[in-house]
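My entries follow in the order I worked.

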Amino acid sequence: MKRTITHLADGRELIYFDRRDDADRSAIDRRMLDPRPVASELRYDPLTEEWIAIAGHRQTRTFQPTGTASECPLCPSSDTRSSEIPAHDYDVVVFENRFPSFSGNFGTYSEVGGLSEVRPGAGRCEVVCFTSEHSSSFSRLSTDQVELVMEAWADRTAELSGIEGVEQVFCFENRGEEIGITLAHPHGQIYGYPYVTPRTKLQLAAAKRYSKGNLFADVLAAERAEGTRVVAANELWTAFVPAAARWPYEVHIYPHRQVPDLAALSEAERSAFAPLYTSVLRAFDDLFGVVMPYISAWHQAPVRQDRELAYLHLELFSIRRAPGKLKYLAGSESAMGAFVNDVLPEEAARMIRSQVDHYQISY
């Protein structure tokens with residue numbers, strides 16, 4: 001793998017990840033760009049003990065261009081048009097988000113009164129372009145391409161973990177208009193949060209209270225032993241629908257070895273992940289014969305605390321519950337955080353498993 005660092009016209013960092021050592025990455029960004037926005041502000045909610053990012057500059061971010069490569073800011077540049085990627089081709093690219101939720105470009109922050117503390121939204125937000133092919137998707141990537149994406153995730157996890165003030169690194173993909181994507185090109189994002197996220201806090205608190213071993217490892221072992229909800233597995237990874245799934249179609253994917261983050265995965269684990277994951281994504285699309293909107297979220301250990309408790313895993317879920325029907329987060333879910341799932345997890349697992357192909361079950 002070749003890793004090349006360059007910069008865009010407004011100073012943002014861009015990193016090429018190439019399979020070829022002779023890839024030419026000398027192209028420069030010739031655009032005239034506005035100055036980078038100042039970082040968001042964080043406001044503390046004393047009732048939930050959570051930090052909320054207020055990022056008004058994100059209102060101006062690019063929203064649903066025509067959908068063609070000629071208008072896409074994530075496609076390679078050409079002789080007649082400059083995009084976010086100056087090169088005329090690329091394998092995988094990571095760059096700082098032009099409209100970040102968190103950054104190191106601080107402004108002036110004033111107290112707002114009440115019981116809410118205010119502080120800068122320190123951190124970093126990056127965009128990961130999985131492929132230069134505008135009409136592709138993660139499910140259609142080759143095994144080599146998925147491994148290169150994983151190299152980029154691991155590289156960025158290690159780099160962002162070293163930034164002062166970053167407490168957790170989150171790699172994720174939003175896919176589908178129903179999810180709320182603003183760009184159709186196959187891409188994901190990486191957030192370097194200045195705090196440990198609420199869901200991670202809940203999971204790690206449960207793991208601390210668990211006295212029989214590692215909670216995550218025991219959940220994995222129990223699902224593998226029971227088997228009903230396992231949808232795919234190989235010698236190093238298992239994908240299963242959780243018994244208490246919140247979403248109509250939800251799959252968790254665990255390595256068989258406890259590691260804190262993507263950077264700690266072995267080469268063999270990265271290679272084994274690719275075919276299993278893409279088979280599950282293809283199964284999602286095959287369920288109803290239409291593109292399945294989804295969120296794919298890597299749960300990694302916090303940078304500085306509870307790393308011995310955490311267990312790297314991916315949570316994949318869709319809001320589609322049937323052809324033409326979506327699961328909306330209405331009163332119970334949005335107001336109370338109390339989920340009601342419309343699909344029996346065992347039935348969801350049966351349907352997904354029936355569509356998964358090109359893998360060897362070994363559990």
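**Entry 1: pocket.** I asked which element gives the most residues to the lining of the largest pocket. It is α2, with 5 residues. I note here that the model is a predicted one. The largest pocket is lined by 29 residues in total. Nearest its centre I find Y193, T197, P198, R199 and T200. Besides α2 (198-209), the elements that give two or more residues to this lining are β4 (50-54), β8 (168-175), β13 (294-299) and β14 (313-318). I put down about 1,100 Å³ for the space in the largest pocket. By class, its lining has 15 nonpolar residues, 7 polar and 7 charged.

**Entry 2: cysteines.** How many disulfides does a search of the whole structure find? The search returns 0. I then looked at individual cysteines. C75 has 5% relative accessibility, so I list C75 as buried. C171 is in no disulfide either, and its nearest cysteine sulfur, in C125, is 12 Å away. C171 is also buried, at a relative accessible area of 0%.

**Entry 3: aromatic pairs.** The whole structure gives 23 aromatic pairs. I wrote up two of them.

Y44 and W51 have ring centres 5.1 Å apart and planes at 55 degrees, and the pair is classed as tilted. The cut-off for buried is under 20%, so the two residues fall in separate classes.

For F273 and W298 the centres are 5.2 Å apart and the planes are at 45 degrees, so I class this pair as tilted too. F273 is in helix α4 (residues 267-288) and W298 is in strand β13; they are 25 residues apart, and the pair links distant parts of the chain. Both F273 and W298 are buried. I also find F273 and W298 in one aromatic cluster, together with F130, F138, W153, W237 and Y277.

**Entry 4: charges over rings.** I went back to W51 and found R119 over its face, at 4.1 Å from the ring centre. R246 has its charged end over the ring of F339, 5.7 Å from the centre.

Entry 5: Rolling a probe the size of a water molecule over the atoms shows where empty space is left. I count 2 cavities of 30 Å³ or more.

The largest cavity has a volume of about 70 Å³. Its lining consists of T200, Q203, L204, F216, H299, Q300, A301, P302, A310, Y311 and H313. α2 supplies the largest share of this lining, 3 residues. I sort the lining into 6 nonpolar and 5 polar residues, with no charged ones.

The second largest cavity has a volume of about 40 Å³. Around it I list T157, S161, V169, D261, Q300, A301, V303 and R307. This lining divides into 3 nonpolar, 3 polar and 2 charged residues.

Conventions. Residues numbered from 1 in each chain as written. Predicted model: local features only at pLDDT ≥ 70, side-chain atom pairs only at ≥ 80, totals over all residues. Heavy atoms only, no water. 1 Å grid on protein atoms, 1.4 Å probe; cavity = no way out; pocket = protein on both sides within 12 Å on 5 of 7 lines; lining within 4 Å. Points joined across faces, edges and corners; volume = space filled by probe spheres on them. Helix = DSSP H or I, 4+ residues; strand = E, 2+ residues; numbered from the N terminus. Nonpolar A, V, L, I, M, F, W, Y, C, P; charged D, E, K, R; others polar. Disulfide = S-S within 2.5 Å. Buried < 20%, exposed > 50% of the residue type's maximum accessible area, 1.4 Å probe, protein only. Phe/Tyr/Trp six-rings, centres within 6.5 Å; stacked < 30°, edge-to-face > 60°. Lys NZ or Arg CZ within 6 Å of the ring centre and 35° of its normal.
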